[in-house]
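Please examine the sequence and structure shown below before reading on.

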Amino acid sequence: MADRSTAGRARSRSGAHGDAVGRSAQALEEVELILPGAPRAKGRPRFTRAGRTYTDARTREAEQSILAAWLVQVGARAPHDGPVEVELVATFSPPASWPKWKRALALEGRWPHTAKPDLDNLLKVLDGLNGRAWLDDSQIVSFAGSRKGYGPEPSTRVRIVLLPAPGRP
C-alpha cells in the first residue's frame with residue numbers, strides 16, 4: 001500500500017472551468033488533488049464506554065491526508081465562503097484473486113466496482129476540508145461526476161471548483 005502521509009500531486013487553475021464539474025457558472029478557482037494509494041472511506045463513529053463519540057484512526061488519517069494535499073497546493077488561507085462543486089474519482093486495483101479475464105474487464109472499465117466502500121462514505125472524507133477549503137460542507141452544491149472504479153494504480157482524485165458567492169460580480 002502506498003504511503004498516504006504524502007500530499008500527492010495537485011494542481012490549480014483559475015478562471016472559467018468549461019468542462020469542469022459544473023457548467024453553468026464561472027469558477028473563481030479549480031483545484032485538483034491526487035492522492036496515491038487505496039481510497040479510504042469515512043468509518044462509522046466509535047463510542048467509548050463512557051458514551052463519548054470519536055473518529056477512528058484510519059478516518060482521521062484519510063481526512064488529514066486530503067487536508068495536507070490541500071495545504072500543499074493552495075497553502076493556508078481563509079476558507080471559501082461561496083458555493084463549491086466537487087468531483088471525486090476513487091480508483092481501486094482489481095483483486096489479485098480474480099481470474100485474468102475479470103481483471104482485464106475491470107481495467108477496461110467494463111466491470112463496475114460494486115464492493116465496499118460505498119461512494120457516499122468515500123465522499124464523507126472531504127469533511128477534513130471543513131474550515132480550511134470551505135467554511136462547511138453544506139456549501140457543496142454538486143458531487144456530479146463522482147464515481148468509483150478499477151484502474152492499474154489505486155488513487156483518489158478530487159477536483160474542487162470554487163464558485164463565486166451569489167450577488168458578487
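Three nonpolar, two polar and five charged residues form the lining of the largest pocket. Here Ala, Val, Leu, Ile, Met, Phe, Trp, Tyr, Cys and Pro count as nonpolar, Asp, Glu, Lys and Arg as charged, and the others, Gly among them, as polar. The lining consists of Ala41, Lys42, Gly43, Arg44, Pro45, Lys116, Pro117, Asp118, Asn121 and Lys124. Of the 11 residues lining the second largest pocket, Ala41, Gly43, Asp56, Arg58 and Thr59 are the closest to its centre.

The model is predicted: local features need pLDDT of at least 70, side-chain atom pairs count only at pLDDT 80 or more, and totals for chains, interfaces and linings use all residues. Residues are numbered from 1 along each chain as its sequence is written, and side-chain values use heavy atoms, without hydrogens and water.

On a 1 Å grid over the protein atoms alone, a cavity is a set of points where a 1.4 Å probe fits but cannot get out, whereas a pocket is an open set with protein on both sides within 12 Å along at least five of seven lines; lining residues have an atom within 4 Å of a point. Points are joined across faces, edges and corners, and a volume is the space filled by probe spheres set on them.

| Space | Volume |
|---|---|
| Largest pocket | about 200 Å³ |
| Second largest pocket | about 150 Å³ |
| Largest cavity | about 80 Å³ |

Of the 12 residues that line the largest cavity, Arg40, Leu88, Leu122, Val125 and Thr156 are the closest to its centre. This lining divides into nine nonpolar, one polar and two charged residues.
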